[in-house]
Amino acid sequence: MAEAHQAVAFQFTVTPDGIDFHLSREALKNIYLSGITSWRKRLIRFKNGVLTGVYPASPSSWLIVVIAIMSTMYARIDPSMGMIDCIKKTLPVNGYLAVQTQTVLSAMLFATGLWVSLILVLRYILKMLLSYHGWMFEPHGRMSRTTKIWATLVKMFSGRRPLLYSFQASLPRLPVPGVDDTIKRYLESVRPLLDDEQYNRMESLANEFKNDPAPKLQKYLILKSWWATNYVSDWWEEYIYLRGRSPIMVNSNFYAMDLLYVTPTHRQAARAGNAVHAMLIYRRKLDREEHSPMRALGIVPMCSYQMERMFNTTRIPGIETDFIQHLKDSKHMVVYHKGRFYKVWLHHGGRHLQPYELEMQFQKILDDKTEPQPGELKLAALTAGERIPWARARVKFFSRGINKASLDTIEKAAIFMTLDEEEQGYDKEKLRSIDSYAKSLLHGKCYNRWFDKSFNLIAYKNGKLGINAEHSWADAPIVGHMWEFVLSTDHFQLGYTEEGHSKGEMNKMLSPPSKLQWDIPQECQDITESSYKMAKVIADDVDFHGCLFDDFGKGLIKKCRTSPDAFIQIALQLAHFRDKGEFCLTYEASMTRLFREGRTETVRSCTIESTAFVHAMENPDKTNEEKLELFHVAAEKHQNLYRLAMTGAGIDRHLFCLYVVSKYLGIDSPFLKQVLSEPWRLSTSQTPQQQLNMIDLNKYPQYISAGGGFGPVADDGYGVSYIIVGEDLITFHISSKFSSPETDSYRFGQNIRQAMLDIKALFNTKKDKKIISPYSSELKVQWAPFDPTTKPVSSSTQMSVSYQTLEDKGQQVY
């Protein structure tokens with residue numbers, strides 16, 4: 001236990017001559033510096049709390065208001081209309097408080113009250129301005145006068161140099177949609193998936209629900225929206241994530257990849273050292289609120305509350321529900337390597353460890369030849385299995401002694417990292433290398449990731465990196481924000497020596513990594529093995545395919561005057577129909593961070609318009625001009641749905657909350673039960689790119705990330721994550737299950753590629769006649785029910801749909 005001795009500031013021994021003290025100046029110096037750092041953090045947090053509390057004003061504005069009021073008093077003008085005199089009368093008169101002092105104090109109190117009132121007024125005005133979302137529905141490049149005035153006012157009332165959380169109090173609350181609108185849009189979303197008999201039954205259930213008990217449930221939701229900061233987010237976190245008792249590995253956690261083509265060093269410890277140091281820089285900026293708030297279009301602030309729990313956070317298992325444990329600070333990380341867990345201190349002498357110091361710490365772990373203790377090798381498999389056995393084992397075997405101390409070390413760590421024994425990454429010379437990379441990041445060996453941590457940093461043997469993130473505390477854009485900072489800081493700020501080592505000098509006074517100690521009984525080892533076997537079955541069933549689509553990208557799609565996201569979503573509908581011969585309920589994640597504590601909403605991408613286009617593409621009798629018309633209509637419909645979801649008018653979160661209220665009230669609703677039981681056989685999400693704009697892709701085109709992905713949501717469905725990289729690359733991450741005879745990730749990837757090319761070919765068609773513009777015309781859209789025999793389908797209904805002018809205004813905030 002040499003590291004324990006080095007951590008002691010002084011020692012003493014009892015001798016016949018008395019007590020002999022031995023002081024360590026270096027240790028005392030480190031204790032002093034650590035104390036200074038701790039107090040500095042407290043002062044910074046206090047200062048930021050004041051600055052955020054008075055935003056969009058500033059503390060100096062208080063002095064200006066006080067001076068202005070005092071100046072009017074000396075000029076014998078009473079701007080308070082008698083209020084200062086009323087305050088003066090309430091103050092006590094004694095020897096220590098003269099009449100003149102009373103007057104000055106009364107004026108200062110009035111000025112302070114006036115200042116606080118002005119702050120509240122400014123916040124209310126800003127909140128009203130941010131409640132306007134008309135800008136999102138306007139045509140690209142043609143901003144109305146109203147929106148121009150609005151944008152000017154938002155800039156004016158947004159203040160200067162906002163901190164990360166400065167806008168939180170000014171963000172509007174997520175509105176509760178009307179029941180009639182939600183049901184109407186729901187029925188429209190399922191129409192192309194149901195035959196006439198099924199649709200009539202669903203319509204009947206919806207009408208019964210709308211009459212009773214929907215009005216009663218809606219009243220409770222409206223009441224909650226007045227009381228709670230966000231009427232969805234707490235229930236979404238609890239019931240969708242924390243109350244789930246099934247394994248979170250694959251089913252919930254997601255992953256993010258390293259840069260595709262660039263590996264700055266193949267030294268595992270060096271790359272890990274730079275990455276961890278970059279994370280510490282990011283965490284320090286996060287604690288000091290120095291990150292700029294994310295803004296749509298550069299002016300509309302988005303909620304930042306999810307970023308609070310990025311570090312020092314763990315999901316703690318429970319019997320009925322888990323909970324999220326978040327610490328304000330943590331000064332250590334935990335590293336897993338070859339079945340051993342190590343504690344590594346992140347601070348020394350009041351500062352972060354430098355990259356080379358971290359590299360040397362990690363190299364010591366890599367060089368350690370000791371064997372895992374009994375039960376230690378697969379211990380992390382407990383976090384990969386079902387939650388109830390893990391919760392019971394945690395209480396029974398990890399609530400006391402060295403097991404509790406070691407588990408606390410893991411759960412209270414700032415960062416959890418695995419020094420992986422494998423080599424991973426994209427290699428164009430190796431077949432399906434990106435597929436293996438994705439599976440490794442998503443589940444690894446099922447026991448070399450601590451899936452309960454907010455995120456796991458994975459450093460591979462060949463220097464590649466990756467992230468495995470737990471989903472309950474935040475969504476992918478939050479993790480992506482941090483990951484982009486880490487990758488860019490690693491490459492462009494920290495760098496490496498010519499030999500591939502991290503830069504800096506070694507401090508020989510550092511305490512070496514300490515190996516965590518365990519005393520795991522056989523009964524606990526049996527539970528661990530059971531969890532591992534269950535997790536292994538899940539992991540082995542995951543079929544992954546990474547598709548790098550480089551035939552064209554965002555640049556060409558935008559030249560076609562359509563949204564890249566809409567283009568891809570319609571291509572997915574075409575690919576799925578070709579893959580399975582049918583349409584399915586499709587989930588696309590949209591963010592609601594324009595509202596306070598907003599998370600996500602669902603865009604139901606399978607629409608009447610998109611299915612009409614797909615049928616047209618499969619109908620040889622349709623001309624390319626007709627297909628192109630239907631494509632534009634479908635794209636506009638999709639964009640409209642996306643904008644509605646982003647502006648709080650989505651349907652799925654509303655229906656989910658109505659269902660939760662019905663359960664609380666003991667009301668049985670066949671309609672809500674049917675809605676919540678429908679499987680999402682195609683679950684999709686777009687990974688955000690360049691949130692920080694720290695990497696200039698024009699200057700460094702090779703510095704692109706492949707994004708990330710997630711596991712399949714339905715047993716017989718596909719999970720598709722995609723990232724639009726630069727102007728000429730789109731990466732798809734496709735997941736499914738080997739156990740389903742209906743799915744094949746590689747086959748679906750080829751169908752996506754062909755669908756993208758086929759749609760692009762429509763825009764190459766020479767138009768001998770004028771095509772009806774979808775931006776202003778009324779088009780006939782044919783709806784046809786699904787035919788399980790996949791024979792040519794005839795139209796049974798015609799719907800006349802008119803569309804307002806829309807363009808890809810929301811693309812920057814996907």
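Trainee: Which residues are buried in helix H14 (residues 401–411)?

Mentor: This is a predicted model, where local features need pLDDT of at least 70, side-chain atom pairs count only at pLDDT 80 or more, and totals for chains, interfaces and linings use all residues. Residues are numbered from 1 along each chain as its sequence is written, and side-chain values use heavy atoms, with hydrogens and water left out. Helices (H or I, at least four residues) and strands (E, at least two) are DSSP runs numbered from the N terminus, and buried means under 20% relative accessible area, exposed over 50%, partly exposed in between (1.4 Å probe, protein chains only). In H14 the buried residues are Asn403, Ser406, Leu407, Thr409, Ile410 and Glu411.

Trainee: What do the buried residues of H14 pack against?

Mentor: Contact means heavy atoms within 4.5 Å. The buried residues of H14 pack against strand E6 (313–316), strand E7 (323–326), E8, E9, helix H13 (387–397) and E12.

Trainee: How many of the 13 residues of H12 are buried?

Mentor: Helix H12 (residues 355–367) reaches 18 Å from its first C-alpha to its last, close to the 18 Å expected at 1.5 Å a residue; the expected span is 1.5 Å times one less than the number of residues. Its buried residues are covered by elements including helix H11 (268–287), strand E8 (332–337), strand E9 (340–345) and helix H16 (476–494). H12 is largely enclosed by the rest of the structure, because the number of its 13 residues that are buried is ten.

Trainee: How many bridges join E8 to E9?

Mentor: Two strands pair if DSSP finds at least two bridges between them. E8 and E9 form a hairpin with two residues between them, and Lys338 in the turn has a positive phi of about 50°. His332 has Trp345 in E9 as its bridge partner. The strands run antiparallel, and the number of bridges joining them is six.

Trainee: Which residue in E15 does Tyr342 stand opposite?

Mentor: Five of the six residues of E9 are buried. E9 also pairs with E15 in the antiparallel sense, over two bridges. In E15, the residue opposite Tyr342 is Lys515.

Trainee: Are the planes of Phe341 and Trp518 stacked or edge-to-face?

Mentor: Rings of Phe, Tyr and Trp (its six-membered ring) pair if their centres lie within 6.5 Å; planes under 30 degrees apart count as stacked, over 60 as edge-to-face and the rest as tilted. By this rule the count comes to 35 aromatic pairs. The centres of Phe341 and Trp518 are 5.8 Å apart and the planes stand at 65°, so the pair is edge-to-face.

Trainee: How many residues apart in sequence are the parts that Phe341 and Trp518 tie together?

Mentor: Phe341 and Trp518 are both buried. Phe341 lies in strand E9 and Trp518 in the loop between strand E15 (514–515) and helix H17 (522–540), so the pair ties together parts whose separation in residues is 177.

Trainee: What is the relative accessible area of Tyr460?

Mentor: Tyr437 and Tyr460 form an edge-to-face aromatic pair, 6.0 Å centre to centre with 75° between the planes. Tyr437 is in helix H15 (residues 433–443) and Tyr460 in the loop between strand E13 (455–459) and strand E14 (465–469), 23 residues apart. Tyr437 is buried at 2%. Tyr460 is also buried, with a relative accessible area of 0%.

Trainee: Which strands stand at the edges, each with a single partner strand?

Mentor: Six strands form an open sheet of mixed pairing, in the order E16-E22-E21-E19-E17-E18. One side of each edge strand is left without a neighbour in the sheet, because each has a single partner; the two are strand E16 (542–549) and strand E18 (600–604).

Trainee: At about what angle does helix H24 run to E16?

Mentor: Eight bridges join E16 to strand E22 (residues 729–737), and these two run antiparallel. Axes are lines fitted to C-alpha atoms, for helices over the stretch in contact, and angles run from 0 to 180 degrees between N-to-C directions. Helix H24 (residues 745–762) lies across E16, strand E19 (682–686), strand E21 (718–725) and E22, and its angle to E16 is about 25°.

Trainee: What separates the C-alpha atoms of Thr562 and Ala635?

Mentor: Thr562 is in the loop between helix H18 (554–559) and helix H19 (564–580). Thr562 counts as buried, at 5% relative accessibility. Thr562 and Ala635 are 73 residues apart along the chain, and their C-alpha atoms are separated by 7.1 Å.
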